[in-house]
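Reader: I would like to learn how to read side-chain contacts in a protein model. Please take me through them one at a time.

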Amino acid sequence: MARKAIVVGAGIGGLAAAAALARQGFGVDVYERAPALQEFGAGLQLSPNATRALGRLGALAAARAVASAPRAVRVLRGGDGAELARLPVEVAERRWGAPYLTVHRVDLHHALAETAEASGGVAIHFGAEVAAVESERGGAAVEIRRGAEIRREAADAVVGADGLRSLIRGRLGGGETDAPRFSHRVAFRATVEAEWVAPRWRENEVTLRLGPRAHLVHYPLRGESIVNLVAVIESSWRGQAGDDPWDGEADRHALDRAFRDWAYDARDLIAAPKAWRAWPLMLRPPLDRFAFGRIALIGDAAHPMTPFLAQGAAQAIEDADALGRRLGGAADVETALAGYSADRVARANRVQREATMQGRLYHLSGPFALARDLTMRAMGSEGVLKRLDWLYAA
């Protein structure tokens, strides 16, 4: 009899986990409270550590079909557009054994859903909210609410892939000290038709601009038909605990103020979108384990991180891959989940820390920014790439 897993959340991590577990012979039920796959979001960078894991999940071909492989990541100084570094990520497969891709979040989401469902062992249930979870002798169970209907479902394992404000994590303890906290940074996202920006910004490269208390990332997507823009600024934002981090109304004046002294082409890009969406960047304290009996956490439920290393989705995909490999053929589910936790905690928590530190470097000003820029130029492309080997080659 096939073993059964329940995955809570049909985001990128949840669908990757479903695909990973189905490849190991599990029957998987994915419960998602939204009525359908979400159609919002913008671009993602999939570094080689992520695409390597996608390959093991059988999802790389589907992801590649909707993604682009940028030639380089260019780092510019925000104030005048001077180039600080050019990282030739077109060499990713030779250097790290897997490609560097950019993709629209929605397209990756659908590619993962198709991969999971094509396995024949995955069922995705929308409009189904998981209200409770428990690990019990010989299994785990969840309480599912669908309208007025409430029912209990049991499985061999439950995977919490339910994001920053994870109910599954909350049910496992931690209390107020484990609550999400604001990182004092707000991210603004937009996409714009490529014809509305200067031709050089349609080229298949990722551009990162660094400035005081802010940075801007942009790159083309969907066959260079649109340009993805991400602007992150430091902020004293205060919102409600339940604010949806994907659907905040942008404070356009705050965005314009943050970039008013930047180079003209950066300000031109900021002005191009008709609308921006904004969300506060949140963190939670690092956990010392990602598994509790028959229950495991992955992605933002386990280790939410700021986007300064472009690793949020990548680490969720790594989690899913590690989870599947540990559970495949394992005689004891609890032991396998403990092994998954041991495999992932140190690395994911390091990425979480390094992303926070990278954000401080991105937003330096004055003599500290000058020192950063001189150091980056002195290191050259190879020096910067070497600093990424620990992350991309794993």
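This is a predicted model: local features need pLDDT of at least 70, side-chain atom pairs count only at pLDDT 80 or more; totals for chains, interfaces and linings use all residues.

Reader: Is Tyr362 buried or exposed?

Author: Buried means under 20% relative accessible area. Tyr362 has 12%, so Tyr362 is buried.

Reader: How many aromatic pairs does a search of the whole structure find?

Author: The search finds four aromatic pairs. In one of them, the ring centres of Phe259 and Trp262 are 4.6 Å apart and the planes stand at 65°, so this pair is edge-to-face. Phe259 and Trp262 are both buried. Phe308 and Tyr362 also pair: the centres are 5.9 Å apart and the planes are at 90°, so the pair is edge-to-face. Phe308 sits in the loop between β19 (295-297) and α9, while Tyr362 is in helix α10 (residues 333-362), so the pair ties together parts 54 residues apart in sequence.

Reader: Which residues form one aromatic cluster?

Author: Trp96, Tyr100 and Tyr392 do.

Reader: What sits over the ring of Trp201?

Author: The charged end of Arg209, 4.6 Å from the ring centre. Likewise, Arg350 lies over the face of Trp390, at 3.7 Å from the ring centre.

Reader: Now salt bridges. What is the general idea?

Author: Side chains of opposite charge can pair when their charged atoms come close. In this model the count comes to 32 salt bridges.

Reader: Which residue forms a salt bridge with Lys4?

Author: Asp29 does, and the closest N and O atoms are 3.6 Å apart. Asp29 is in strand β2 (residues 27-32) and Lys4 in strand β1 (residues 4-8), so the pair ties together parts 25 residues apart in sequence. Asp29 counts as buried at 15% relative accessibility, and Lys4 counts as partly exposed at 22%. Both belong to a network of salt bridges that also links Glu149, Arg151 and Glu153.

Reader: Where in the chain are Asp321 and Arg56?

Author: Their side chains meet in a salt bridge, 2.6 Å from N to O. Asp321 is in helix α9 (residues 312-327) and Arg56 in helix α2 (residues 48-56), 265 residues apart, and the pair links distant parts of the chain. Asp321 counts as buried at 4% relative accessibility, whereas Arg56, at 38%, counts as partly exposed.

Reader: What separates Asp256 and Arg252?

Author: About one helical turn, because they are four residues apart in helix α7 (residues 252-258).

Methods
Residues are numbered from 1 along each chain as its sequence is written. Side-chain values use heavy atoms; hydrogens and water are left out. A salt bridge is a side-chain nitrogen of Lys or Arg within 4 Å of a carboxyl oxygen of Asp or Glu. Helices (H or I, at least four residues) and strands (E, at least two) are DSSP runs, numbered from the N terminus. Buried means under 20% relative accessible area, exposed over 50%, partly exposed in between (1.4 Å probe, protein chains only). Rings of Phe, Tyr and Trp (its six-membered ring) pair if their centres lie within 6.5 Å; planes under 30 degrees apart count as stacked, over 60 as edge-to-face and the rest as tilted. A charge sits over a ring if NZ of Lys or CZ of Arg is within 6 Å of the ring centre and within 35 degrees of the ring normal.
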